[in-house]
Amino acid sequence: DIDDVGHKYYLELELEDVLDKDRTVSCTAEVLYQLGSKTSAPDVQVTVQGELRSTEEADQEFYNRIRSLEKELVAENIPDSHGNVPPELEPIHLLAWVASGYVIWQNSSENTKFHLAQVKHVKQVKRSDEDLQFDYVVLLHDMVSQEVLPWQVTLLWHPQRGARVSQCHGPGGT
Amino acid sequence: MWLSLGIIFSLGILIPGKFSLKVQYDRDQVLHIMPETLQQVQHLQLLCSTLMLDLWKPLLPEDIRAGEDLHIRVPAPLVQEVKDSLDQFMISYRVLIPDVQKLVDQSMPRERSSHRQVSGGYVYTEYHPMEEIYQWMTQIQKNNSELVTQHFLGKTFENRTMYYLQISQPSNKPKKIIWMDCGIHAREWISPAFCQWFVKEILQNYKNDSNKSRFLQNLDLYVLPVLNIDGYIYSWEEDRLWRKNRSPYENGTCYGTDLNRNFNSSWGSVGVSFNCSSDVFCGLGPESEPETRAVAQFIKSKKSDILCYLTIHSYGQLILTPYGSTNEPPSNNEELMQVAKEAAAALTGKYGTSYRVGSTASILYSNSGSSRDWAHTIGIPLSYTFELRDTGTHGFVLPPDQIQPTCEETMLAVTTIIDYVDKKYFSNGAVVLTSSSLGLSLCLSIVLTWTVS
């Protein structure tokens, strides 16, 4: 408890590489939930101890593949009802996780619990600059109310520059 | 359905290549090429015939034309060489398909044969629509008629029949009951999958598994594979993430009550909504829903014989004890927690999956009107809610390759609980001791002390 400021949590975490199950990396984080603030996201500081595996080659391959598509990529229901994700949509799925992570962070308090339930829809938007743009509709499951709510999120990604959310829009407003 | 399975199986035999294709197109690429000059066309014709490349469009080298696009499949080992050659002649190209094998894999029918289990070829490692589950129940009773009977429980709002399966070893002894229901929430598909797996496991193993044959001497197992049938069907046909039943409200503008908020245990007090559009809408009153009433009436009628109530959900990896509506512990909290911890430990022992144990109010959220709380308040001492895999990575949409490990580990937890119930209530007569002489001397000493006193 930090008087007049809020609650700070010190976390020791182990990250597991989803694509390489034997690999784990430790990290520490500090999360500050500000007092009485319903509108601002918690402050998060993360330090990664050790190295994250390089994904340069796979990133570049994915980037080239998407850039070389004749028509913009469009997909829905990832995973499908049975939990399957076609292999070439796996990177799109992983980027949806990143996009959802941002939305969840922006809407978290000490009393919330959200998970990405499914990607309802994703549409690639071709850009004149070098970024890839994906407009997502992601379904977030709210553990407390049990509701599954659609969020629109626009994610920009570049193999060297990484991912960032340029827009997000929840049900009935941001 | 059995006929079509048969056809698929025999097709697999007739076309041996179909299910045993060696990977042939790994990392092969299809290139879209645009030759502009005659010189480029000639070079491409030479390349295709020298390297024997697979022309997709046009089909023959002699049909390659300047200004017309060309599609060629290039085997993986030649990809770089071909691209270098195109660059050398300034021929522009694009990768149309980066890995042909991946595309092939996607379009293949899902292999069912490798996962075939006993019981007439039913595949327990896939999710099944309600029609198939109804057929499965009929088959299970037919194939195991000495042990299994299918019973009418009630009707859903949309007038579908709710059946439970009774697994009961013939005996002249009166038995007590273990009740398990699955699929109270439509989107939690792993739950009905587990109920089906559970039935299959019991029936396949009870003859040669000493634990199962022992507890079946004393206990009947009642399994309701899908409680919320209308909702389950709706999640297959319309909305995969639907949770509630399908009762209409407000003139059909709003649908569904959360059946797990509709039972008569502190109904409507906490963790609910009175708004139909909410996913935790508790209905117009306790037991307002036909599905709730069907289950509640039956359990009430057998109350004195039911020793254990289990209700299976997902996701979260939790074993939850009463209550959800209050932090007041139930009277037998120590026992509930002890047994749950043992069950969780047995589960973790299989694949390392970790489960948390505790009351709903303390580790999840507050709720009222849950079936588990109601079962406990009417006097069923061991009442648990299971939340199966996972913890959010896939959530409700758990891939089918996790059905088997989830069911195997959960089986260990559930049998731990059943074993406990069996030992607790039936340990005087039928106990199997480690040494028969120990048993004999115990009996003798009891008889001796009895006669002496």
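Across the interface of chain A and chain B, 11 residue pairs are in polar contact, with both partners at pLDDT 80 or more. A polar contact here is a pair of N or O atoms within 3.5 Å; within protein, one must be able to donate a hydrogen and the other to accept it, and residues adjacent in sequence count only if both atoms are side-chain atoms. Keep in mind that this is a predicted model, where local features need pLDDT of at least 70, side-chain atom pairs count only at pLDDT 80 or more, and totals for chains, interfaces and linings use all residues. Residues are numbered from 1 along each chain as its sequence is written, chains are lettered from A and ligands numbered from 1 in the order in which they are written, and side-chain values use heavy atoms, with hydrogens and water left out.

**Where the chains meet**

How many residues of chain A are in contact with chain B? There are 26 of them, facing 30 residues of chain B, where contact means heavy atoms within 4.5 Å. By class, the chain A side has 10 nonpolar, 10 polar and six charged residues. For these classes, Ala, Val, Leu, Ile, Met, Phe, Trp, Tyr, Cys and Pro count as nonpolar, Asp, Glu, Lys and Arg as charged, and the others, Gly among them, as polar.

The size of an interface is often given as the accessible area lost when the parts come together. Between chain A and chain B, about 2,300 Å² is buried, and carbon and sulfur atoms give 55% of that. Buried area is the accessible area (1.4 Å probe) that two parts lose on being put together, summed over both. Ser81(A), His82(A) and Gln146(A) supply 26% of the area that chain A buries against chain B, more than any other three residues.

**Salt bridges**

A salt bridge is a side-chain nitrogen of Lys or Arg within 4 Å of a carboxyl oxygen of Asp or Glu. The whole structure holds 25 of them over all chains, and two salt bridges cross the interface of chain A and chain B. Here are two examples.

| Residue pair | N to O distance |
|---|---|
| Arg94(B) and Glu70(A) | 2.4 Å |
| Arg53(A) and Asp17(A) | 2.7 Å |

Arg53(A) and Asp17(A) link distant parts of the chain, 36 residues apart. Arg53(A) sits in the loop between strand E3 (43-49) and H1 of chain A, and Asp17(A) in the loop between strand E1 (6-16) and strand E2 (24-34). Helices (H or I, at least four residues) and strands (E, at least two) are DSSP runs, numbered from the N terminus.

**The build of chain A**

Chain A has two helices and eight strands, in the order β-β-β-α-β-α-β-β-β-β along the sequence. Its C-alpha atoms fill a box of roughly 55 × 40 × 35 Å, taken along the principal axes.

**Backbone details in chain B**

Which peptide bond ends at Tyr315(B)? The one from Ser314(B), and this bond is cis, with omega near -5°. Tyr315(B) lies in the loop between strand E11 (306-314) and strand E12 (318-321) of chain B. Another cis peptide bond joins Arg389(B) and Asp390(B), with omega about -5°. Asp390(B) lies in the loop between strand E14 (382-388) and H15 of chain B.

Met52(B), in the loop between helix H3 (38-51) and strand E2 (54-57) of chain B, has phi near 55°, a positive value in a residue other than glycine.
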